[in-house]
Amino acid sequence: AAFLSLPGLNSKVISLTLCGLIAGTAASLMLSPMEALRIRMVSDSEYAGKGSIDAMLLMVRREGLSSISKGMPAMLLKQVPYTITKNCSFDMLTMSAYRILREMGYALTANVKIAVPLLSAVAAAILSCISSHPGDMLLSLVNAHEGPKRTRDFAKEILHGDGGARGFLVGIKPRFLHVILIVTVQLTIYDFAKRLVGIAATGL
């Protein structure tokens, strides 16, 4: 990423952030219609008993094609920060941990190579949960309701509510368990699988 080298900035961080931005945006484009359908099917009894195709047709018939895309801004607010934070923090935390251990004179044993990615994965999971929760909350709100209200409308309601900006963190505690389990297992297996096929562990 030589073209991203800028004075005073770590080009690796910029490169990882850019990769996360592209991946998160691509995932949002693919997931947004499916998330709109999923949320509606679990939040509205009229959709709950229908199959996916019938429920999708009902949404489009009632609200038009915009019904499956109106959650895109919220999806981007969820998925892009989530992807950037998860991938970038995992890479940087493992790299920093291995560097510190080397400088302190510790041998990078097999146990160390298990502990470092595991702890880094937990930290990355916590950070990605925090960064993506406001978007996740807005995504659920905008897709659970019929009508013209969009992401910005729900965001304004939250900001002007009693909790102010803290309202964006409502429900984050149970989501911590969900995200920490998924991301920790995902990143730990990812790191282990790299080593199995002869690729250096993340951060080394």
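**Close-up 1. Where H5 meets H6 in this predicted model.** On the H5 side, Met137, Leu138, Leu141 and Val142 touch Thr151, Phe154, Ala155 and Ile158 of H6. Sort the residues of this contact by class and you get seven nonpolar, one polar and no charged. The axes of H5 and H6 sit 9 Å apart, at an angle of about 115°, and the crossing is right-handed.

**Close-up 2. The largest nonpolar core.** Eleven residues make up this one: Ile39, Ala74, Met75, Met137, Leu138, Leu139, Val142, Phe154, Ala155, Ile158 and Phe168. Helix H4 (72-103), helix H5 (110-144) and helix H6 (151-159) each put in two or more residues. The top contributor is H5, with four. Apart from this core there's another, of ten residues, including Tyr82, Phe90, Ile172 and Val179.

**Close-up 3. Around Phe168.** Phe168 belongs to the largest nonpolar core. Setting aside neighbours within four places in sequence, what does phenylalanine 168 contact? The list runs His133, Pro134, Met137, Leu138, Ala155, Ile158 and Leu159. Among them, Met137, Leu138, Ala155 and Ile158 are also members of that core.

**Close-up 4. H1 against H4.** Here helix H1 (residues 11-43) runs past H4, with axes that come within 7 Å and cross at roughly 145°. This crossing is right-handed. As for who's in the contact of H1 with H4, the count is 15 nonpolar, eight polar and four charged residues.

Conventions: Residues are numbered from 1 along each chain as its sequence is written. This is a predicted model: local features need pLDDT of at least 70, side-chain atom pairs count only at pLDDT 80 or more; totals for chains, interfaces and linings use all residues. Side-chain values use heavy atoms; hydrogens and water are left out. A nonpolar core is a set of buried Ala, Val, Leu, Ile, Met, Phe, Trp, Tyr and Cys residues joined through side-chain atoms within 4.5 Å. Buried means under 20% relative accessible area, exposed over 50%, partly exposed in between (1.4 Å probe, protein chains only). Contact means heavy atoms within 4.5 Å. Axes are lines fitted to C-alpha atoms, for helices over the stretch in contact, and angles run from 0 to 180 degrees between N-to-C directions. A crossing is left-handed if the near helix is turned anticlockwise from the far one by less than a right angle, and right-handed if clockwise. Ala, Val, Leu, Ile, Met, Phe, Trp, Tyr, Cys and Pro count as nonpolar, Asp, Glu, Lys and Arg as charged, and the others, Gly among them, as polar.
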